[in-house]
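Colleague: I would like to go through this model with you and ask what stands behind each label. Please set each value against its definition.

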Amino acid sequence: MATFLGTENYSIDDKNRLVVPAGMRRVTGHKEPLKDFVLMRGLDGCIWLYAEEDWKRLEDLLQRLSTGNKDQRMFARTALVGANKVTVDKQGRITITPSLMDHAGLRKDAVLHGQVGRIELWSPDRFQQALVADARDFDALGERVLGGE
């Protein structure tokens, strides 16, 4: 599983192209920077950008969802609106579909935020709203999530 580190701000051009920094495309265990990704609708109003090998894990999970369960059908259907495979061009850019641009509220600028297993693409305003504002809240959240370890 790829681990992407860093938080970078980049501009989106008029053709919905965004640079994925070379540092974020370099993954342990790969000789060359990653060139192929899958973009999909993420939770909390962002876009999830997966390396192809990590996408396969999520794809397997989506395939295991029950077609007989309405919530699972609706989740899979909505999650995949605008999803697509992209290849990084010679300038290090990917193209974002209009429906994903709308989902994330992206216009001219984006925040690329590294996560374990994916990169999140955010509008700058939404990213700031999604962060824990107060260090005390972050500490309390960490204790709940990590179990005090």
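Colleague: Where is the place of serine 123?

Modeller: Serine 123 sits in the loop between strand 8 (118–122) and helix 5 (124–130). Helices (H or I, at least four residues) and strands (E, at least two) are DSSP runs, numbered from the N terminus. Before we go on, this is a predicted model, in which local features need pLDDT of at least 70, side-chain atom pairs count only at pLDDT 80 or more, and totals for chains, interfaces and linings use all residues. Residues are numbered from 1 along each chain as its sequence is written, and side-chain values use heavy atoms, with hydrogens and water left out.

Colleague: Why does serine 123 count as buried?

Modeller: Buried means under 20% relative accessible area, exposed means over 50%, and partly exposed is in between (1.4 Å probe, protein chains only). Serine 123 has 7% relative accessibility, so the residue counts as buried.

Colleague: Which residues does serine 123 touch, not counting those up to four places away in sequence?

Modeller: Serine 123 touches Ala104, Gly105, Leu106 and Asp109. Contact means heavy atoms within 4.5 Å.

Colleague: What makes arginine 118 and glutamate 120 a salt bridge?

Modeller: A salt bridge is a side-chain nitrogen of Lys or Arg within 4 Å of a carboxyl oxygen of Asp or Glu. The closest N and O atoms of arginine 118 and glutamate 120 are 3.2 Å apart, and the two residues form a salt bridge. Side chains of opposite charge can pair when their charged atoms come close. The two side chains also make a polar contact (3.2 Å). That term stands for a pair of N or O atoms within 3.5 Å; within protein, one must be able to donate a hydrogen and the other to accept it, and residues adjacent in sequence count only if both atoms are side-chain atoms.

Colleague: Are arginine 118 and glutamate 120 buried or exposed?

Modeller: Arginine 118 has 18% relative accessibility and therefore counts as buried. Glutamate 120 has a relative accessible area of 10%, so glutamate 120 is buried. Arginine 118 is in strand 8 and touches Ala2, Phe4, Trp48, Leu49, Tyr50 and His113, not counting residues up to four places away in sequence.

Colleague: How many salt bridges does a search of the whole structure find?

Modeller: The search finds five. One of them joins the side chains of aspartate 13 and arginine 17 (2.7 Å, N to O). Another joins arginine 93 and aspartate 89 (2.8 Å, N to O).

Colleague: What are the labels for arginine 93, aspartate 89 and aspartate 13?

Modeller: Arginine 93 has a relative accessible area of 19%, so arginine 93 is buried. Aspartate 89 has 27% and is therefore partly exposed. Aspartate 13 has 23%, so aspartate 13 is partly exposed.

Colleague: How does the reach of helix 6 compare with the expected value?

Modeller: Helix 6 (residues 135–146) has twelve residues and reaches 16 Å from its first C-alpha to its last, close to the 16 Å expected. The expected span is 1.5 Å times one less than the number of residues.

Colleague: What makes you call helix 6 hardly covered?

Modeller: The count of buried residues among the twelve residues of helix 6 is zero. Valine 145 is found in helix 6 and, at 62% relative accessibility, therefore counts as exposed. Glutamate 143 is also found in helix 6, and its relative accessible area is 55%, so glutamate 143 is exposed. Helix 6 is followed by glycine 147, whose phi is positive, near 70°.

Colleague: Which residues form the nonpolar patch on the surface?

Modeller: Val132, Phe138, Leu141, Val145 and Leu146 form the patch, with about 470 Å² of accessible area together. Patches are made of residues with over 30% relative accessible area and no salt bridge; like charges are joined within 9 Å, and nonpolar side chains (Val, Leu, Ile, Met, Phe, Trp, Tyr) within 5 Å. Accessible areas come from the Shrake-Rupley method with a 1.4 Å probe, and for residues only the protein chains shown count as cover.

Colleague: Where is aspartate 44 found, and why does aspartate 44 count as exposed or buried?

Modeller: Aspartate 44 is found in the loop between strand 3 (36–41) and strand 4 (47–51). Its relative accessibility is 67%, so aspartate 44 counts as exposed. The phi of aspartate 44 is near 65°, a positive value in a residue other than glycine.
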